[in-house]
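Please examine the sequence and the structure shown here before reading on.

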Amino acid sequence: MSQYKRPFFIFVVILWLYQKNKRRFLIMEINVIGQGEKKFKPNQIVMYIRISNVYSNYQKALLNGEENVLEFLNEMKQFDLKIEDFKTVRYNIKDEVKYCNHENKKVGVRYDRELELILDFNIEKMSKIIEFSSKLKNAPNISIKYGLQDTRTAEMELFADAYSNAKRQADLIASAAGLKVVKCIKANVDDSCDNYYRSSGYKCAVMKEGCSRASEILAQTYIPEDIVVEQEIHCVFIAE
C-alpha cells in the first residue's frame, strides 16, 4: 500500500468504527438525587398509656400492678373500648434503686406497663379519656402521637414527588449537553421515612381534680400541625 493510500485507509476505518458505534458515543449516564416533600393531614391518634408504681416487694408489685391495669381497662369500657383494643408495648417488673449517700439502695419494686391504643382522629374522645384517666387514684401517664392510617399511599405520593424532582434535574443536565433523557435504569429510595408520626406529650398527672371542663377545653384547643415528611431518591438516567 502506497504512502498516499495508507492515511486514507486509516481514516476510512476510523469513520467506519465511529458509524458502527455512534450510538455508544452519544449516550450519557446521569446520576442525580431527587428530593421530595409532602404535607399530610393527620387522621389517626395513637395513645401510649403508662401504668407505673413502686411497691414494697415483687409479689405486691405483680398483684397490685395487674389489678390497676385491669381496673383501668374496665373503666375504658364507658368509651366503647374493649380490653383487646389496648396492646402491651412494654412490660417490666424490676427493683427500684435510688442513689443515696454515695451508694445505690433498693427502695422497692417497680411495676411498669405501657399500653398502646389506636383511635380514629377523634379529639373529643381522646380528651375525655385523658381527663377521666387523670382523676383515677393511680393515674397513668399518657403520651400522644398522631399520624396517618394509610402510610402506603403517603409513601407513593412522596416517591412520585422525589422522582419528579430527580427527572427535572436529569432533563436540565441532558439538555445542556444537547441530549434527551430516554429512561431511568436505577432508583434507590431512602427508606428512613417509613413512620409518618409527629409526637406530642401530655401527662395526665398535671390535671387537677375539679377541672370538669378540661376535656372540652382540650378538644377545642388541641390542633395538631400538618405532618411534613421528606424523601430522597437516587436515580440513574440514560440520555441520548
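## A network of salt bridges

R50 and D112 form a salt bridge, with their closest N and O atoms 2.9 Å apart; a salt bridge is a side-chain nitrogen of Lys or Arg within 4 Å of a carboxyl oxygen of Asp or Glu. This pair links distant parts of the chain, since R50 lies in strand 2 (residues 44-55) and D112 in strand 4 (residues 103-120), 62 residues apart. Strands are DSSP runs (E, at least two residues), numbered from the N terminus.

The model is predicted: local features need pLDDT of at least 70, side-chain atom pairs count only at pLDDT 80 or more, and totals for chains, interfaces and linings use all residues. Residues are numbered from 1 along each chain as its sequence is written, and side-chain values use heavy atoms, leaving out hydrogens and water.

R90 also forms a salt bridge with D112, at 3.8 Å between the closest N and O atoms. R90 meets E114 in a salt bridge as well (3.8 Å, N to O). Through shared partners, R50, R90, D112 and E114 are joined into one network. D112 is buried at 7% relative accessible area, whereas R90 is partly exposed at 33% (buried is under 20%, exposed over 50%, partly exposed in between, with a 1.4 Å probe and protein chains only).

## Cysteines

The count of disulfides (pairs of cysteine sulfur atoms within 2.5 Å) is 0. The closest cysteine sulfur to that of C184 belongs to C235, and at 4.5 Å it is too far for a bond. C184 is partly exposed, at 27%, while C235 is buried, at 0%.

Definitions and conventions: Helix = DSSP H or I, 4+ residues; strand = E, 2+ residues; numbered from the N terminus.
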